[in-house]
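Q: Please take a close look at one single position here. Start with the chain around it, then zoom in.

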Amino acid sequence: MPCLRPTLLALSVLLVAPSLYGQATESSINKQLKNLRAVPTAERPAATIKIAMDVRTLPAGKSKLQLADALTHLVTEGDAGPEALQAVADTLTKALAESPVPAKNDQPPMPYLDLAGLVRYEHVTTTLADPLYAKADQVLAANEADIEKADFTLKDLKNNKVTLSELRGKIVMVNFWATWCGPCRLEMPDLDVIYTHFQPQGLVVLSITDEDSMKVSALIGPWGYHPPVLLDPGGKVHKAFHIEGVPKTFLFNREGKLVAQAIDQRSQRQFLQMLSANTDLHN
């Protein structure tokens, strides 16, 4: 495959600290990954790019691929920016090209699905030419078709029933979350602000969890969280929406068509961008 070009931000990181590259070890990279969530928001894109570049210096193999894939699960938490997202996608592309992973029961392994998710939902690009990557993209497209057809009726914390299909004519954000999920708790205040601002224009935010109502109420109660919190005991709706990790948010237009989805924590800016690009809501 052709050499992958660093982005401008990546180049600036290299120029500032050139001695750091070529010296990375699996141990040092694991330490950076572990500490990435503690990095201040403004510094996190550059820190993410540094990790991506460090991973690329490792010899090809399973460990390199695991580290590259682990970084894809962190770069989507919040607003890392297009350069950091592309750097991570390039690193995972390189690792997969060097060390392809065999299919499992005719299904693409997780690294292919993670790369396909970055390309499909974070608007990055990849040069990977691998049938399993193509299959991963097909899996995501099939999941989207399932989600668009899905309907549900769930109860909120006050025992009121909410049915998705009865919300046609509204713009609906279906958000999956959990009390134990730090990124979920970080994005919920932004969801609350967006819901209260756009509710008069017909926006509905449904926050769905498969946890016990008492545990949920204990966390949500003091917040004054306004969007309906729906309970999914047994996780039936989670399965219908192919939820394997939270937070995850799906956007349906007034006709009930799935028009966008966020595969991880979003900032207020990212939520607003999603709404402005795919709906008729306006500030």
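A: Of the chain's 283 residues, 51% count as buried (under 20% relative accessible area; exposed is over 50%, partly exposed in between, with a 1.4 Å probe and protein chains only). This is a predicted model, where local features need pLDDT of at least 70, side-chain atom pairs count only at pLDDT 80 or more, and totals for chains, interfaces and linings use all residues. Residues are numbered from 1 along each chain as its sequence is written, and side-chain values use heavy atoms, leaving out hydrogens and water.

The chain is built from 11 helices and seven strands (DSSP runs numbered from the N terminus: H or I of at least four residues, E of at least two). Its radius of gyration is 20 Å, close to the 19 Å from the globule rule for 283 residues, so the chain is as compact as a globular protein of that length (C-alpha atoms only; the rule is 2.2 Å times the number of residues to the power 0.38). Along the principal axes, the C-alpha trace spans about 60 × 40 × 35 Å. As for contacts (heavy atoms within 4.5 Å), residues 24 or more positions apart make up 68% of those with a separation of 6 or more.

Now zoom in on Gln-265, which sits in the loop between β7 (258-262) and α11 (268-278). Gln-265 is buried, at 12% relative accessible area.
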